Amino acid sequence: MANDTVLWEVDRRGVATVTLNRPQVNNAYNGDLLQGLHDAMDSIGREPHLRIVVLRGNGRHFQAGADLSWISGVAERSPAENERASRVAAEAIRRLDTCPVPTLALIQGGCFGGGTGVAAACDVVVASEDALFSISETRWGLMAGIILPQLCQAIGLRQTRRYALTGERFGAEEARQIGLVHEVCPTGGLADAGARIVEAVLMNAPRATTATKLRSLASAQAFVDDGMLRDLVDEHARTRQQDEAREGLASFREKRKPAWYPG
């Protein structure tokens, strides 16, 4: 492995487990974690008998969105480097979205920002009752552009307009009701709930399962093509270098309300 921010293994049944492994920062993503996710997808994609990918996070939280300290550093670099960072993130989400085998996310604790995009890109999502969600980018002067296509597919435009514009936090049961989560299990019960989903997938014919997934995406016109991806990446990168992002990130560092808050 190129780094230890993402761990993966494939068992004899063809079940791949991909684990986000930055628990000290609640699995917030930085350049290393994004590259680790790509490395994991490259590696397990070479497995001839791959049947399902299970995505989980080490520690108390599944994925807390972007590492804002890393984002601040990226924002100070050139436009080309900002575009590169956005493209790596966008491609990671697109790869999860179009992975030819079923994907299962097991979510505990916080799932914020980009973490909600990971959830939306997975075929099946199980959350423990302690899970907490938010599409939080606008709180920091950023925007969720590279995950909006998947969120709109998962929870619909109406719910995306609410939660991406307010940044509100919502619990596991609300996530289930709006379609981001399929099943809520008791805290501590993710392994058992996930095992049931895995067993169901393993009972199904592999090629028929892949064909069904890809045809479903095509029928819903849910594929993000290269042109759309280019536009999403460009806007995502430019937003990170604007004044609002600088102020939002400063308010995070200084633990204060941003300047745009009235009064």
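Biologist: Is Val-233 buried or exposed?

Modeller: Buried, going by this predicted model: the relative accessible area of Val-233 is 0%. The cut-off for buried is under 20%.

Biologist: Which helix is Val-233 in?

Modeller: Val-233 belongs to helix H9, which covers residues 226–240.

Biologist: And what does Val-233 touch, leaving out residues up to four places away in sequence?

Modeller: Glu-83, Ser-86, Arg-87, Ala-90 and Ile-146. Take Ile-146: 87 residues separate Val-233 and Ile-146 along the chain, yet their C-alpha atoms are 6.6 Å apart.

Biologist: OK, over to H2. How many of the eight residues of helix H2 are buried?

Modeller: Six of them, so H2, residues 68–75, is largely enclosed by the rest of the structure.

Biologist: Which ones are buried in H2?

Modeller: Leu-68, Trp-70, Ile-71, Ser-72, Val-74 and Ala-75.

Biologist: What covers the buried residues of H2?

Modeller: The cover includes four helices you can pick out in the viewer: H1 (31–45), H3 (79–98), H9 and H10 (243–253). H9 is also where Val-233 sits.

Biologist: Switching to strands. Where is Ser-134?

Modeller: In strand E7, residues 132–134. Ser-134 has 2% relative accessibility, so Ser-134 counts as buried.

Biologist: What is Ser-134 in contact with, leaving aside neighbours within four places in sequence?

Modeller: One set is Cys-111, Phe-112, Gly-113 and Thr-116, and then there are Gly-167, Glu-168, Arg-169 and Phe-170.

Biologist: Let's zoom out. How many helices and strands are in the protein chain?

Modeller: The chain has 10 helices and nine strands. Its radius of gyration is 18 Å, close to the 18 Å that the globule rule gives for 263 residues, so the chain is as compact as a globular protein of that length.

Biologist: What box do the C-alpha atoms fill?

Modeller: Roughly 60 × 40 × 35 Å along the principal axes. Of the 263 residues, 51% count as buried.

Biologist: What share of the contacts with a separation of 6 or more comes from residues 24 or more positions apart?

Modeller: That share is 73% for the protein chain.

Biologist: What about the surface and the charges?

Modeller: The accessible surface comes to about 12,800 Å², and carbon and sulfur atoms account for 50% of that. On charges, there are 30 positive and 32 negative side chains, with the centres of the two sets 1 Å apart.

Definitions and conventions. Residues numbered from 1 in each chain as written. Predicted model: local features only at pLDDT ≥ 70, side-chain atom pairs only at ≥ 80, totals over all residues. Heavy atoms only, no water. Helix = DSSP H or I, 4+ residues; strand = E, 2+ residues; numbered from the N terminus. Buried < 20%, exposed > 50% of the residue type's maximum accessible area, 1.4 Å probe, protein only. Contact = heavy atoms within 4.5 Å. Rg over C-alpha atoms; globule rule 2.2 N^0.38 Å. Areas by Shrake-Rupley, 256 points an atom, 1.4 Å probe, with all protein chains shown as cover. Lys, Arg positive; Asp, Glu negative; His and termini not counted. Charge placed at Lys NZ, Arg CZ, Asp CG, Glu CD.
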